[in-house]
Amino acid sequence: MRTKAVRHTLRGLGLVCAAALALTACSSSTTGSGDGGPVSASGLDTALSQGGSITVWAWEPTLKQVVTDFEAKYPKVHVNLVNAGTGDKQYTALQNAVQAGNGAPDVAQIEYYALGQFALGKSLQDLSKYGAPDLSKQYSPGPWTSVSINGGVYALPMDSGPMALFYNKKVFDKYDLTVPTTWDQYVDDARKLHAADPNAYITNDTGDAGFTTSMIWQAGGHPYKVNGTKVSVDFTDPGSAKFTDTWQKLVSEHLVAPVSSWSDQWYKGLGDGSIATLAMGAWMPANLASGVPTASGDWRVAPLPQWRQGQSASSENGGSSLAVMKSSAHQDLAYAFLKFANAGDGAQDRIKGGAFPATTADLNSQAFLDTAFPYFGGQQANKIFSDSAKSVVTGWQYLPYQVYANSVFNDTVGKAYVSSTPLASGLKAWQDASVKYGTGQGFTTGQ
Amino acid sequence: MPTATDAPARARKHSTDVPRIRRRVHSVDRPRRSVSVTLLAGLVVLYTVVPLAWLVISATKTQTDLLGSPGIWFSGHFALWDNIRQTLTYDDGIFGRWLLNTLLYVVLGAGGATFLAVLGGYGLAKFGFRGKRTVFALVIGAVAVPTTALAVPTFLMFSKMGLTNTPWAVIIPSLVSPFGLYLMWVFASEAVPTELLEAARVDGAGELRTFFRISLPLLAPGIVTVLLFTVVATWNNYFLPLIMIKDPKWYPLTLGLNAWNDQAATAGGQPVFNLVITGSLLTILPLIMAFLLLQRYWQSGLAAGSVKE
């Protein structure tokens with residue numbers, strides 16, 4: 001996952017606000033142009049030439065350049081780019097503002113997993129009236145499915161995170177490990193590596209909701225089924241079971257480093273070879289280059305290991321979108337900014353800044369595919385990422401209250417990492433907690 | 001750090017029989033040695049000093065060395081000055097802005113809270129009026145309510161008033177310090193003899209003049225104590241600004257450093273742990289200074305009312 005799953009200090013507040021966000025409690029007063037008729041491209045141009053000021057809440061660093069270029073192109077528009085927090089911190093702030101009825105931005109960055117929560121909470125503007133559905137062909141299927149909710153389009157994809165396996169080649173060469181093509185081989189490598197060097201681990205994991213759901217996604221599981229206000233959660237389906245069986249071996253045999261992703265120890269482990277692989281989204285190279293510069297040249301990229309030899313299934317891990325808030329008084333300008341940043345010139349700015357695109361034209365462009373990564377010893381890693389983007393398993397759904405669900409992951413599944421609780425029991429506890437919360441929020445729940 | 005128990009101990013020395021203590025050899029100046037107490041004190045010292053030492057040591061390391069060298073000892077490369085320079089210039093020097101914001105919140109918030117606590121505490125201690133018991137009950141009740149619990153309702157109220165995301169949203173709630181008021185109340189009843197006030201009145205001084213010329217100097221140790229309390233609380237305030245302030249331009253240091261820390265946890269973000277650590281060190285320096293400079297008042301203020309004379 002792109003952000004830390006749990007922040008204890010925020011938990012209490014999150015609950016208060018999540019309750020307020022739920023379907024029933026959250027009817028924000030619309031001060032914007034509302035759900036009026038369709039707005040044409042010329043309508044957007046008029047808005048842009050008239051000018052105005054919009055506020056964008058986002059933590060994505062490459063947006064700075066996008067805003068500069070946007071303001072240069074449309075000098076009458078002023079964009080106030082605010083980093084109101086990363087991930088769930090920003091969601092809490094956003095929910096607070098929505099609940100309070102003012103102080104919300106015009107545009108907000110929202111990760112795909114959290115989009116459903118805000119869309120069904122009626123905080124976001126359906127972009128269909130701007131013709132956003134026509135853009136569907138421009139984006140790779142994974143991100144596009146994520147922004148299409150209940151027949152509407154509630155955001156434009158900003159980046160994507162098709163998964164790949166990042167591995168430390170120096171460690172693999174030293175211990176004569178083969179790059180795994182299946183998860184069974186991955187477990188074998190994990191055993192071999194840890195036996196050869198007790199300080200080295202195949203990867204780190206202390207329980208990460210985003211990672212777990214991405215892995216189940218790749219395995220073909222559909223634990224979440226959402227249809228309107230009908231929600232079911234079932235972590236015993238065959239896909240989830242595949243993941244649970246394999247990962248249980250790694251956890252029980254203590255083959256994963258007890259280090260949380262994004263911590264300083266994590267960056268340390270990535271640098272000194274004690275964490276040998278990462279199954280992560282394609283946005284990771286920029287983080288490796290800036291966070292672990294000392295290991296430049298050590299790492300390589302490989303396709304994600306498969307659950308069955310010869311398959312080529314993948315899933316998305318992280319990635320975020322830009323959405324227009326329903327309470328915005330400048331929705332036309334806000335959408336014009338979205339289009340510029342995620343479908344227009346801004347997308348190029350962001351790729352140059354190291355972001356991984358969601359646009360098919362860029363994913364397939366020769367220049368993009370041929371890009372050699374000095375950090376990966378000159379490897380053309382985008383070829384692997386681009387293939388992964390094409391083979392994302394379809395049909396995955398997140399809960400309409402996934403932000404809450406992820407926040408209780410460590411209290412439930414997390415136990416499997418620190419005690420003898422089996423992973424399957426942990427998932428069952430997570431399932432129960434998710435169902436219970438959904439019922440309390442007025443969803444029709446089942447299993 | 002010397003503790004508040006020094007003062008009463010010294011008082012006991014004067015009141016006890018000096019020769020008998022000499023016979024026992026042990027005195028306040030030559031206390032009995034106790035291995036267990038020394039060990040315990042040593043542990044407490046270690047417990048308090050190690051995190052501070054870690055902070056100071058880590059602030060001398062570059063981002064790379066931070067991850068590549070042992071935590072509690074220096075790496076070969078001494079980068080403290082470079083870290084401080086980077087902290088002050090990173091992101092267009094936003095750290096300086098955060099420092100000024102914090103100072104603004106402290107001066108207006110903590111200063112205002114102290115001022116109000118002194119006025120209120122003095123009034124409650126030295127004047128009789130109807131409803132005093134009710135006020136007392138309210139203040140004691142308010143001391144028991146954690147400010148964190150009030151943050152969300154305050155946010156909703158301020159949001160309706162259009163005050164969120166402005167400095168006022170942090171300053172106004174900081175102005176209220178029930179504990180400070182209570183402390184001043186207790187302190188004023190002890191430190192300002194009613195006879196003195198009566199004498200002043202007989203000599204023809206007005207209430208304001210009496211307050212500023214007679215009472216205020218007597219209250220000084222208590223004021224410094226309350227000031228330290230409120231300054232520390234405002235300087236370290238995290239939850240209230242977290243809820244109220246969205247614009248990094250108005251962040252206090254606590255929020256700003258946290259935002260830098262979070263940079264490491266997002267796609268495309270740049271980990272700047274070295275700047276977070278150096279920034280933290282710079283953030284606590286003014287507090288340490290305040291404590292060292294004012295500890296004399298701090299102690300006498302804390303002990304106020306503990307000994308019935």
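**Domains and chain contact in a predicted model**

Biologist: How many residues of domain 1 of chain A are in contact with domain 2 of chain A?

Modeller: In this predicted model, two residues are in contact if their C-beta atoms, placed from the backbone, lie within 7 Å. Domain 2 of chain A contributes 17 residues to this contact, and domain 1 of chain A contributes 19 residues.

Biologist: Which elements give two or more residues to the side of domain 1 of chain A that touches domain 2 of chain A?

Modeller: Helices (H or I, at least four residues) and strands (E, at least two) are DSSP runs numbered from the N terminus. Helix 5 of chain A gives the largest share, 5 residues. The elements are helix 1 (8-21), helix 4 (88-100) and helix 5 (112-120) of chain A.

Biologist: What are the bounds of domain 1 and domain 2 of chain A?

Modeller: Domain bounds come from an automatic or database domain assignment. The centres of the two domains, taken over C-alpha atoms, are separated by 28 Å. Domain 1 covers 8-160 + 319-364, and domain 2 covers 163-315 + 395-446.

Biologist: How many residues does chain B bring to the contact with chain A?

Modeller: Residues are numbered from 1 along each chain as its sequence is written, and chains are lettered from A, with ligands numbered from 1, in the order in which they are written. Local features need pLDDT of at least 70 and side-chain atom pairs count only at pLDDT 80 or more, whereas totals for chains, interfaces and linings use all residues. Chain A brings 36 residues, and chain B brings 25 residues.

Biologist: Which elements of chain A give two or more residues to the side that touches chain B?

Modeller: Among them are helix 1 and helix 4 of chain A.

Biologist: What is the radius of gyration of chain A?

Modeller: The radius is taken over C-alpha atoms, and the globule rule is 2.2 Å times the number of residues to the power 0.38. With 447 residues, a compact globule would have a value near 22 Å, so chain A agrees with the rule at 22 Å.
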